[in-house]
Amino acid sequence: MDKVTVYINDMRLEVPAEYTILQAAREAGVRIPTLCHDERLEPFGACRVCVVKVEGARALLPACATPVSEGMRIWTDVDEVMRARRTVIELLLSDHPNDCMVCERSGSCGLQDLAYEYGVREPRFQGERHSYEILSDNPLIERDYNKCILCGRCVRICREVQGVGVYDFVNRGFDAVPGTPYGRSLPETPCEFCGQCVSTCPTGAIVSIPSKGKGRAWQVTKVRTTCPYCGCGCQMDLHVKDGEVVEVSSPVMVGPGQGNLCAKGRYGYGFIHHPDRLTKPLVRKGGELVEVSWEEALDLVAGRLRELVAEHGPDCVGFLVSARCTNEENYLLQKLARAVVGTNNVDHCARL
Ligand code: SF4
Ligand code: SF4
Ligand code: SF4
Ligand code: FES
């Protein structure tokens, strides 16, 4: 891999030649703020909060979209840079509802964090403001374009990662929004309801309806786990509040999914607390299914297996495993079948 030498805030670094300034800075532990950047997506350079000073350049350059080059000298926090970033934040807030008190994204909003970091309370620029209708045309995804900063992340993730392309920028200038074709509702488009647009939106412009009002970012505990729905093994974070899973997200660039989830992984968690869910084993007694302890149920199954195997041989039983269990659980069940019972009759719901 070819390397180049760059200097960030006078610190000498050797980085891969294909890196952007942002990647080089992150590797060196130098913070550069971003809004339109998402590691899952191609660089876009829309928001300009990541601007840095580069020796010899006529203007400040976006770190997320500028490749490094040999001998490049970069400054990330000189006055000129900080003033430019502050102005960008003020411009973004000049047409923003500043709804933080009730906004679903408060506490995990990129714009709120930057306003705090750069001390922007009141935008300097007063002018026309939008008053778009909030779009809740489906049970899962709500769009509030009043909070949109036109970063294009929803447009790009739907096209670049999902390969669906539900959104694109419609209208021009002040009236531009990441809309659907002909302003259709999401169910009228090829939307897969994966919620990838929710996962990437840096503000409260696109949020998950099932999680609304269920807990602020700082009230939930994130528990890392593996999606139970298929063998891809996507990593997910369960957002748990008061013992209840209120949202599911995925850590970016981690595991096979790299931070991407499908509709099942992101929204299929209703079964966890569903009142119809079986949480105790049932055994048929006198024609009725009766709740019993795990010990009683396991003793019954083990006893019947022993009887059947003694009478008809081990191949009279078969074991069905499931893609919804982990590899380790599936491994253990086939081990039980082969090593304990003595049969190779093992099958899998996802085999065909
Ligand atoms: S839910 Fe998925 S398919 Fe639908 S618009 Fe969002 S990213 Fe595209
Ligand atoms: S809806 Fe969110 S992700 Fe899409 S452009 Fe607006 S701010 Fe960016
Ligand atoms: S999120 Fe979707 S693709 Fe990923 S493991 Fe779950 S079901 Fe499979
Ligand atoms: S993060 Fe670089 S331009 Fe938006």
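**Cores, ligand shells and a hairpin**

Colleague: What makes the largest nonpolar core a core, and which residues have the most contacts inside it?

Modeller: A nonpolar core is a set of buried Ala, Val, Leu, Ile, Met, Phe, Trp, Tyr and Cys residues joined through C-beta atoms within 7 Å. The largest one here has 48 residues, and Ile-21, Ala-63, Cys-154 and Ile-206 have the most contacts inside it. Buried means that 20 or more other C-beta atoms, placed from the backbone, lie within 10 Å of the residue's own; exposed means 12 or fewer, with partly exposed in between. Elements giving two or more residues to this core include β1 (3-8), α1 (21-27), α4 and α5. Helices (H or I, at least four residues) and strands (E, at least two) are DSSP runs, numbered from the N terminus. Domain 1 (3-91) and domain 2 (134-213) each give the core at least three residues; those bounds come from an automatic or database domain assignment.

Modeller: Bear in mind that this is a predicted model: local features need pLDDT of at least 70 and side-chain atom pairs count only at pLDDT 80 or more, while totals for chains, interfaces and linings use all residues. Residues are numbered from 1 along each chain as its sequence is written, and chains are lettered from A and ligands numbered from 1 in the order in which they are written.

Colleague: What does Ile-21 touch?

Modeller: Contact here means C-beta atoms, placed from the backbone, within 7 Å. Leaving out residues up to four places away in sequence, Ile-21 touches Val-52, Ala-63, Thr-66, Val-68 and Ile-74.

Colleague: Which residues come nearest to ligand 1?

Modeller: A residue is near a molecule if its C-beta atom, placed from the backbone, lies within 6 Å of it. There are 13 residues around ligand 1, and Cys-158, Val-166, Cys-191, Gln-196 and Cys-197 come nearest. α4 (153-161) and α5 (196-200) each supply at least two residues of that shell.

Colleague: And which are closest to ligand 2?

Modeller: Ligand 2 has 14 residues around it, the closest being Cys-148, Cys-151, Cys-154, Cys-201 and Ala-205.

Colleague: How do you know that β13 and β14 pair?

Modeller: Strands pair if DSSP finds at least two bridges between them. Strand β13 (residues 282-285) and strand β14 (residues 288-291) are joined by 4 bridges and run antiparallel, so they meet that definition. Val-283 has Val-290 in β14 as its bridge partner. The two strands form a hairpin with 2 residues between them, and Gly-286 in the turn has a positive phi of about 60°.

Definitions and conventions
Two residues are in contact if their C-beta atoms, placed from the backbone, lie within 7 Å.
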